[in-house]
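Here are my notes from going through the model you sent. Have the structure open while you read.

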Amino acid sequence: MEADWDEVAIIQLTPPGPHNAPTLVTTFAFDTSQELLWTGNDFGRVTSFYGPNLEKYTSYRAHPTAEGPVQQILFTEKGILSISKRSIHFAIRRGLTQWHLTNEAFKDLRCMNFTSKGTREVLVAGCQDQMFKVDVEKGSITETLPATDNYTIMKRAGQYICAATNTGSVHMLDSGTLAVVKAWKAHAGSINDMDAKSDFLVTCGWSPRQQFGFMLDPFTNVYDLKTLAPLPPIPFHTGAAFVRMHPRMSTTSIIASQSGQMQVIDLMNPDTANLRQVNLYDAFLTGLELAPSGEALALSNTSCNIHLWGSPSKIHFPEYSNSTEFAEHPVPPPSMDWSLDTPLSTVGMPFYKEALLSGWPSHMLFEVGAPPPKIDPTVLSSMTRTEIGFYAKNPKTKRRNQVEDTRSADRINDSLTAPKFLSEKARAAQLTNESEAKTIETMETLTDLHLDDVTRKDVPAMYGNVEIKYSKFGVDDFDFAYYNQTQFSGLETHIANSYANPLLQLCRFTPWVRNLALNHTASSCLFEACLLCELGFLVDMLEKANGLNCQASNFLKTFSSLSNVASLGLLEELSPNVALTNMIQAFNRFLLDKIAEEYKRMLPPQGPPSIMDQVLETQALASMRCAQCNNETVKGGKTFVNELVYPSKNTVKNPIRVPRPTFSQILKASVERQDQTRGWCTKCNRYQQMVQRKTIQSIPAVLMLNAAIHNHEAKQLWSTPNWLPQEIGIIVEQGQFFCYEGQDLKLHLQRGVYSIMVYELIGVVADINSGEHQKPHLVAMINTSPSSRDITSENKWHLFNDFLVRPIPKEEALRFEPTWKLPAVLTYQAKSASHQIDDTWKDHLDTQLLYRWWSSNPEPPESQFKLLNRSIEAPRPGTPVAIDAEFIRLQAEEIEMKADGTRETIRPDRKGLARVSVCRGAGELAGLPFIDDYISVAEPVVDYLTAWSGISPGDLDRTTSPHALVGLKHAYKKLWLLLNLGCVFVGHSLANDFRTINIHVPKKQVVDTVDLFFKRELHRKLNLKFLAWCVLKEKIQEDTHDSIEDATTALKLWRKYQEFVDAGVLEQMLDNIYATGREVGFRAPGSKDVRSGGGRDTPEPGRADTPGVGAVTPARKTGFGRGVGFGSPMK
């Protein structure tokens, strides 16, 4: 049981009938060849569950209910064996019965195991005088044998079958002759559990105690099967109830008590034990089972639950699993009403390999006529019936006698087409000799001219799926500005679980959440998997980016690494069939609960409610009253997310009798939710009809709502124009919750009798289903005004469709259509918090991270590394620091080969930060590093890129690395602190580094030497090794890359650049550098010809030496040749 083991799933066994209570698990076992967990219950039913999420796979009645519980389950390659008191059942894993064996001699069967013939023959015994050999292939009894004793448990170990009796003894049976070889008394009472593997047998049992009856023995007995002699028992003071031997570690066993305490112990060294506790609350354990792989552990309890434990990243059941067969859903044939009027085209044509005579070539096909033009929606909505048809007012959207080209209009695809790559635009400008004329692409292609018409049903193109296209220059060549010309940054989509992007944008524009996240991030929190810190990093990056595209890769990576997100169904790759609406609503609940918990970690324990709780928590008292005796129990409760509950079907369908409910009425009914359910009444001592009701005590400053639309009636409510109010008012008075909108809200505000809290709508996350050829996705419509620092700013709504961002009217933002646009999450915030943007966190940054050595490894010598001195070297605005980072490849790129032989990048490779070095940029110690962090990596590494990163296998593993490793957040926060302290980062090709690190540094804080020594008209950027050789006369990267060497080299180049500028010879020196570069192929002598993936020599978009770019190489100047030295022009 490794350190990352945790509870990954918990399920309750299905009740035997629709009105029955759940039943206990009487036996359960892991399949030996497939990823299945099999269980039996008190009613003879066998049920299996698939995979680590324990999804229900098979369920069948194996034994009659009258025979009582299923006693044991065994596995063969072909199927499943199970026994009850009077029968033996064999079925394949899909549940189909192969044979069912009953016999008059079967009186009280309890256990079974395979004989020396392997899985072809099984020995069945019980609390009766006879045992039976059963042929598994034929399902018949081959031999009846006398039983020496009444057996309750059987385990196979080597040549023996270990059988436990009901009197506490253990018999060793020869697996061939079935004769008793050895017998001994294991426990004074009976044996509760037993297991045997390789050379050891372990037992747990009961013994009589004076005045207390039978109690579990506080030890586990151990027997050596080689010598058939007992070994010293293992103490277990809470009472050993269950025991299992580890299938792969022959001397390791797991012991558990009924109260849930588990102990992993080595039989040869019982003094070293690993203790765990299962959260059972008011239940007790009834069973324990270990998977054949040793990577999963199942526990059953008296609450009819099964708990699955294991490592979320490694869990599997058998050592080598076969594929599990799932049911195929048959596609029903289409129904067809055949009549004389049915067109023959409804009958499908057969497939022919040879060309048909009716297959005309394309040059002989002609388009004749055109489809009729579509009627204007304005006309359709205002038509009046007459005797001969309908008439309507002319909307005057077209000129008189204007002919519409309807055929070309039909060809228009509503999906978004990607713009040209930046390199293609540069190439087109060069070929047409129009250097000043640039291709102007506006957002008109994304704008629908009929947005003002709120009755329109078509899906505007701006709501379509957006997808990043990759050229040979990578993602940097993609024109993100085509999709976003606002000051608000979008989020990229090629990252796993990017469905969360709209909700993250909603948090960024909610002032309360934004302020608390940034204040927490600026604190001393060093928890590695802290979502609140990651949210603060992301919010700060989005604000600094000011309209440039960003990615939430660090946040989503931390989120995906949490142990319980998979079991909650929050990972896209593990929940492909879950609707995005359900997933984002579950993520909303999880995120708010998680960040509130993380905020409390930095506060004193047992303190008052935190500010985060006051901002997000709805405090309530939950009462449950018995409908029979009126006995009522009340307990406190809290919720971060309120789910909307809609009225019954009749209320919505009959608006004449009952007015259509308003949003405020729906919200009141949802918050004060009243339900009827069955529950246990402590006064009646039985299950009764219970009435649940919530009494609201306080409301938060931020009201998060899940729309929870599950029926057609709810969709019709949301499609009502202006149904969602932009402002609501809430009064909480003596446990009563009142909600108002519109004129009612204005009236209460004018009266001023009650203390009413006014909320304004911040934004909505909506589910978009934009057509049969596009997959559903999520967008956010957000009012950006409340998060503006300008208190005079007016409401401005924006659409955030991942990296597509554009302003939209309020009417369009709050318009919903049942067919393609429905809300999933809504956020209201107290209006008093508008424009309350708190930036005081910048003045209270906890910078101790920069001045302490955090590793247990010894600190390097001061000649190689020295931490900053807080008193004289504290970073200030403008302080230069040299930076370089090295990366590893965590995921290979996904490539699609097309029919014409070309290849298209579907998803680029994913790199991870492996090492980051930051050196002083000024002063006596300039060039000496004060940060040199190696980042530990837990996920598999595809390629260490050793030739370009200097990172070798084992360098990032905590068990083998010679370096002082830190977590990714630890290293990231140091850079984030330097960024917000105002430091200027000096380096080479920093844009790629910052993108992979997932941090945005404003241009005024970046000095990139790749841009300093660059002549734009030559379209060629120079690599660091060449510049060091040519400008500094130094050789770097001789054997491998070193981030400290690269950072100090960039620092020297910056100083040399400043000397060139001061001397007024910069242009001359650049000409000389490029002339030298052309002679040596822009490579320093000794450089390798093959180089990929390093980032320093990666070709830039539009460079001249790229095939097809078309730039002319400047003529070589005379008088400057190879080997001419570069001294400082000041000398």
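The points below go through a helix, some strands, a loop and the salt bridges.

1. Ground rules first. This is a predicted model, with local features needing pLDDT of at least 70 and side-chain atom pairs counting only at pLDDT 80 or more, while totals for chains, interfaces and linings use all residues. Residues are numbered from 1 along each chain as its sequence is written, and side-chain values use heavy atoms, with hydrogens and water left out.

2. Helix α8 covers residues 580-600; helices here are DSSP runs of H or I with at least four residues, strands are runs of E with at least two, and both are numbered from the N terminus. The expected span is 1.5 Å times one less than the number of residues. For the 21 residues of α8 that gives 30 Å, and the end C-alpha atoms are 30 Å apart, which agrees. The helix is also largely enclosed by the rest of the structure, because 16 of its 21 residues are buried (buried is under 20% relative accessible area, exposed over 50%, partly exposed in between, with a 1.4 Å probe and protein chains only).

3. Have a look at strand β49 (residues 929-935), where 6 of the 7 residues are buried. It pairs with β48 (residues 910-920) in the antiparallel sense over 5 bridges; pairing requires that DSSP finds at least two bridges between the strands. Within that pairing, Ser917 has Asp932 in β49 as its bridge partner. β49 also pairs with β50 (residues 965-966), here in the parallel sense over 2 bridges, and Ile935 stands opposite Val966 in β50.

4. Next, the loop between β29 (305-310) and α1 (377-381), which holds Thr342. Thr342 counts as buried at 14% relative accessibility, and its side chain reaches the backbone nitrogen of Ser339 at 2.9 Å. Met336 lies in the loop between β29 and α1 too, but counts as partly exposed at 45%. Together with Trp338, Leu344 and Val347, Met336 makes a nonpolar surface patch of about 470 Å². Patches take residues with over 30% relative accessible area and no salt bridge, joining like charges within 9 Å and nonpolar side chains (Val, Leu, Ile, Met, Phe, Trp, Tyr) within 5 Å; the areas come from the Shrake-Rupley method with a 1.4 Å probe, and for residues only the protein chains shown count as cover.

5. How many salt bridges does a search of the whole structure find? There are 43, a salt bridge being a side-chain nitrogen of Lys or Arg within 4 Å of a carboxyl oxygen of Asp or Glu. One of them joins Glu289 and Arg244, with the closest N and O atoms 3.2 Å apart. This pair links distant parts of the chain, since Glu289 sits in β27 (residues 285-290) and Arg244 in β23 (residues 242-245), 45 residues apart. Glu289 is buried at 15%, and Arg244 is buried at 8%.

6. Arg920 and Glu873 meet in a salt bridge at 2.7 Å, N to O. Arg920 is in strand β48 and Glu873 in helix α15, so the pair ties together parts 47 residues apart in sequence. Arg920 is buried, at 4% relative accessible area.

7. Last, there is a network of salt bridges linking Arg508, Arg514, Glu543, Arg789 and Asp839.

Terms used
A polar contact is a pair of N or O atoms within 3.5 Å; within protein, one must be able to donate a hydrogen and the other to accept it, and residues adjacent in sequence count only if both atoms are side-chain atoms.
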